[in-house]
Amino acid sequence: MKAPLFSLKDGQTGNILRLEDVKGQVVMLTFWASWCPDSQRDLEQKWELYKQMDKAKLAFLTINVTGREGRSGDGIAYAKEHGYDFTILLDEGTTVYDQYRCMGVPTTFLLDEELNIKYRYSDRAAFMEIMQGLSTLL
């Protein structure tokens, strides 16, 4: 299944990123909210991955679901507090979250180089499950 396309603002840089911009790379796409303990744990594990990964092979994108935050700036404040400098795209309310039919946060999708959804992981998925799926794509 083709991943729904989007264009979102990067909350760290202010630049607009289109999903098509990372075509040709495997993509890890994670929806999250700063108040969620599962999202917090997930982001910490993914931060460790991000620091070590080959960024030419894997596009690491996170989407802060602003419509699920207390205030729209809470996600970026949380990321700055923890020193996360990976891409944090800002959903417009829950627009992209809804397009991907997410049911909770965190939700992670793994896309192949042609932007097809290969794996979907709910908030109940273990980090090792995600890594196993990723290993089949890289």
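This is a predicted model: local features need pLDDT of at least 70, side-chain atom pairs count only at pLDDT 80 or more; totals for chains, interfaces and linings use all residues.
What lies over its buried residues includes strand 3 (26-32), helix 1 (37-52), strand 4 (58-64) and strand 5. Helix 2 itself runs over residues 74-82. Its buried residues are Asp74, Gly75, Ile76, Tyr78 and Ala79. Glycine 83 follows helix 2, with a positive phi near 75 degrees.

Strand 5 leads to the next stop. Between strand 5 (87-90) and helix 3 (95-99) is a loop, and aspartate 91 sits in that loop. Which side chain of opposite charge is nearest to aspartate 91? That is arginine 68, and it is 9.4 Å away. Aspartate 91 is buried and has no salt bridge. Its side chain does have a polar atom 3.3 Å from the backbone nitrogen of threonine 95. Leaving out residues up to four places away in sequence, aspartate 91 touches Leu8, Ile63, Asn64, Val65, Thr66, Val96 and Tyr97.

Now the nonpolar interior. In soluble globular proteins, nonpolar side chains tend to be buried together. Here the largest nonpolar core has 25 residues. Phe6, Leu19, Leu29, Phe31 and Tyr100 touch the most other members. Strand 3, strand 4, helix 3 and strand 6 (107-111) each give this core at least two residues. Take leucine 19 as an example. Beyond its neighbours within four places in sequence, leucine 19 is in contact with Ala3, Pro4, Leu5, Phe6, Leu61, Tyr100, Leu111 and Leu115.

The last stop is the backbone. Most residues other than glycine have a negative phi, and most peptide bonds are trans. Arginine 101 is not a glycine, yet its phi is positive, about 55 degrees. Arginine 101 lies in the loop between helix 3 and strand 6. Proline 106 is also found in the loop between helix 3 and strand 6. A cis peptide bond joins valine 105 to proline 106, with omega about -5 degrees.

Leucine 115 also has a positive phi without being a glycine, at about 65 degrees. Leucine 115 belongs to the loop between strand 6 and strand 7 (117-121). Are these two residues buried or exposed? Arginine 101 has 61% relative accessibility, so it counts as exposed. Leucine 115 has 4% relative accessibility, so it counts as buried.

Methods. Residues are numbered from 1 along each chain as its sequence is written. Side-chain values use heavy atoms; hydrogens and water are left out. Helices (H or I, at least four residues) and strands (E, at least two) are DSSP runs, numbered from the N terminus. Buried means under 20% relative accessible area, exposed over 50%, partly exposed in between (1.4 Å probe, protein chains only). Lys and Arg count as positive and Asp and Glu as negative; His and the chain ends are not counted. A salt bridge is a side-chain nitrogen of Lys or Arg within 4 Å of a carboxyl oxygen of Asp or Glu. A polar contact is a pair of N or O atoms within 3.5 Å; within protein, one must be able to donate a hydrogen and the other to accept it, and residues adjacent in sequence count only if both atoms are side-chain atoms. Contact means heavy atoms within 4.5 Å. A nonpolar core is a set of buried Ala, Val, Leu, Ile, Met, Phe, Trp, Tyr and Cys residues joined through side-chain atoms within 4.5 Å.
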